[in-house]
Amino acid sequence: MKIQKILNILTPITGAITVTITSLWIGKQVYSWLPPQAAAESQLIDDLISFLVTLGAFIFLGVTSTLMYSVIFHRAVKDDFTDGPPIHGNVTLEVVWTAIPILLVFWIAGYSYQVYEQMGIQGPAELVHLHNPLAMESVPTNALAEPVEKIDVLAKQWAWVFHYPEKDVTSTELHLPSDRRIRLALRSQDVLHGFYIPAFRLKQDIIPNQSIDFEFTPIRLGQYRLTDSQYSGTYFATMQANVVVESPKDYQQWLAQAATQKPSPAKNQAASEYAQTSNQSIKTGWVTVPPAAPPLVNSPG
């Protein structure tokens, strides 16, 4: 009898420890599922996702293992069709299983809000402060002590245009120096757009008739992809651009070389597709806004 009581105590304890360790292991695997951390702010988002996956795995495994334990060890004996004991409501249990989800929701909300505050991602409530950029208190980096690199970003149907005031260079490819603080002045020429670089874990809505200052720090050399996260019309899928993170020395060399080139029309997939559709004798019936003329840039990318 004593052995049975000991087993009844050890079984849930062992199960809880196993579920906890397994959940923590699953949460650690998240980092291998995501793109490389190309910006200092990436770690904040990855940690948040890992936390959410760990918590979700713990709840799922906990509920599943409890059900399995009940089915295996507490099933009725064969041919027993009698009713179970007439158990009425347990106020303590009801309070506990109501309080725990509420506390978890507040925990998730608080952690998520803290991450977005640290990153300085701006939403509609911050529109009155658009010209006072929020500093992103991300992972420690020496880049915060470096001068801020200022770049103007124009989003329009359907192209990204980047202007570098330092050399008065315009490009359809976003070049960034690594380990330097970047401040983008985001503007939209027409409709709502979304500045989204998955490898940076950064997304910022761009609102027409507003200039939004947005800061981050790229830390990994390489080429990444910028997309429009908002549906901005027929050709929004073509609204993509390369993001090149290079050493400060290579970045300055690129700026100097681009400054020597005369502005020329950039390649624009939306404009090309629209021109082909307009020249077709058979009309599809789809109505769209004509794309803006290809921008004049020093470096088409």
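Tutor: A pocket is an open set of points on a 1 Å grid over the protein atoms alone, with protein on both sides within 12 Å along at least five of seven lines; a cavity is a set where a 1.4 Å probe fits but cannot get out. A volume is the space filled by probe spheres set on the points, joined across faces, edges and corners. The model is predicted: local features need pLDDT of at least 70, side-chain atom pairs 80 or more, while totals for chains, interfaces and linings use all residues. Residues are numbered from 1 along each chain, and side-chain values use heavy atoms, without hydrogens and water.

Student: What volume does the largest pocket have, and which residues lie nearest its centre?

Tutor: The volume is about 420 Å³. Of 20 lining residues (an atom within 4 Å of a point), Thr172, Arg225, Gln240, Ala241 and Lys267 lie nearest the centre. Strand β10 (240-246) gives the largest share of this lining, three residues.

Student: Why does Thr170 count as buried?

Tutor: Buried means under 20% relative accessible area with a 1.4 Å probe, protein chains only (exposed is over 50%, partly exposed in between). Thr170 has 15%, so it counts as buried. Thr170 sits in strand β3 (169-171). Beyond four places in sequence, its contacts (heavy atoms within 4.5 Å) include Phe162, His163 and Leu296.

Student: What makes the crossing of α1 and α2 right-handed?

Tutor: Right-handed means that the near helix is turned clockwise from the far one by less than a right angle, and α1 passes α2 in that sense.

Definitions and conventions
Helices (H or I, at least four residues) and strands (E, at least two) are DSSP runs, numbered from the N terminus.
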